[in-house]
Amino acid sequence: MKLVASPTSPFARKIRIQLAEKNISFEWHQSIPWEADTDVGDYNPLGKVPALVADDGAIWFDSPVIVEFIETLSSSCRLVPEAPLAAAKVRQYEALCDGTCEAAIAVFLERKRESEQQNANWISRQEGKLASGLKAMSEQLGDQEWFYGESMTIADISAVCFLDWYSFRFNELDWQTRYPNLLKLCQRISARESFTTTKPE
């Protein structure tokens, strides 16, 4: 099995953590979408990472679909509940975290353009999504230890992958002060080996 990804992608990190938690080995294939020599398009026609090449040659993308596929490979350390309604709730929390992350990435990439080429309205819309997404994440977590149930799920992994990436790239909203419950979630699970070995640098 081969994971096609870039080392700082929060979505790829989510998959790396899932594989580590399930003790599933894989080959790492680094490909950075915005570099001229990228081969991401050979694995995902949308040119995005991550993509996963299964042992039978089937290619899976993007990260929520890969999560679903990996859950079929091993029943140990389930990160998506088996019960359909519970699974739907966890996947909705995952979608919230991923969508908030996508808004932050959109701002980051737009700001890499020359200042005269940047679209201020576009940035403002994405910043609005980012702010409302963070607020909703905090509200959904509340005073619980986990987004859902009594143990870590893919929702918690998605949240920490986003928050670590956001802190790594830029942290204008000071989420640690505004949303201490999200900070506690990060602190509680970031010491796990699957997180320490995949943290963006």
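1. How many residue pairs are in polar contact between domain 1 and domain 2? The count is 7 residue pairs, with both residues at pLDDT 80 or more. The elements that give two or more residues to the side of domain 1 touching domain 2 are helix 1 (10-21) and helix 2 (63-73). Of these elements, helix 1 gives the most, with 7 residues. By type, the residues on that side of domain 1 divide into 5 nonpolar, 3 polar and 4 charged.

2. The model is predicted, and this applies to every point in the note. The domain assignment of the chain gives domain 1 as residues 2-73 and domain 2 as residues 84-192. Taken over C-alpha atoms, the centres of domain 1 and domain 2 are separated by 20 Å.

3. The contact between the domains can also be described by residues and by area. On one side, 12 residues of domain 1 take part, and they are in contact with 17 residues of domain 2. Between them, domain 1 and domain 2 bury about 1200 Å², and 61% of this is on carbon and sulfur atoms. In domain 1, the residues that lose the most area to domain 2 are Pro10, Phe11 and Lys14, which together make up 40% of what that side buries.

4. Charged pairs come next. Side chains of opposite charge can pair when their charged atoms come close. A search of the whole structure finds 11 salt bridges, and 5 salt bridges are found across the interface of domain 1 and domain 2.

5. Two salt bridges can be checked by eye. Lys14 forms a salt bridge with Glu94, with the closest N and O atoms 2.7 Å apart. Arg13 forms a salt bridge with Asp164, and here the closest N and O atoms are 2.8 Å apart. This second pair links distant parts of the chain: Arg13 is in helix 1 and Asp164 is in helix 5 (residues 154-169), 151 residues apart.

6. What is the strand order of the open sheet of 4 strands? The order is 2-1-3-4, and the pairing is mixed. At the edges are strand 2 (27-30) and strand 4 (59-60), each of which pairs on one side only. Strand 4 pairs with strand 3 (residues 51-53) in the antiparallel sense, over 2 bridges. Within this pairing, Val53 has Ile59 of strand 4 as its bridge partner.

7. Cis peptide bonds deserve a look in the model. One joins Val49 and Pro50, with omega about 5°. Pro50 is placed in the loop between strand 2 and strand 3. The peptide bond from Phe61 to Asp62 is also cis, with omega near -10°. Asp62 lies in the loop between strand 4 and helix 2.

8. A backbone angle at Asn23 should be noted too. Asn23 is not a glycine, yet it has a positive phi of about 60°. Where is Asn23 found? Asn23 is in the loop between helix 1 and strand 2.

Terms used: Residues are numbered from 1 along each chain as its sequence is written. This is a predicted model: local features need pLDDT of at least 70, side-chain atom pairs count only at pLDDT 80 or more; totals for chains, interfaces and linings use all residues. Side-chain values use heavy atoms; hydrogens and water are left out. Domain bounds come from an automatic or database domain assignment. Contact means heavy atoms within 4.5 Å. Buried area is the accessible area (1.4 Å probe) that two parts lose on being put together, summed over both. A salt bridge is a side-chain nitrogen of Lys or Arg within 4 Å of a carboxyl oxygen of Asp or Glu. A polar contact is a pair of N or O atoms within 3.5 Å; within protein, one must be able to donate a hydrogen and the other to accept it, and residues adjacent in sequence count only if both atoms are side-chain atoms. Ala, Val, Leu, Ile, Met, Phe, Trp, Tyr, Cys and Pro count as nonpolar, Asp, Glu, Lys and Arg as charged, and the others, Gly among them, as polar. Two strands pair if DSSP finds at least two bridges between them.
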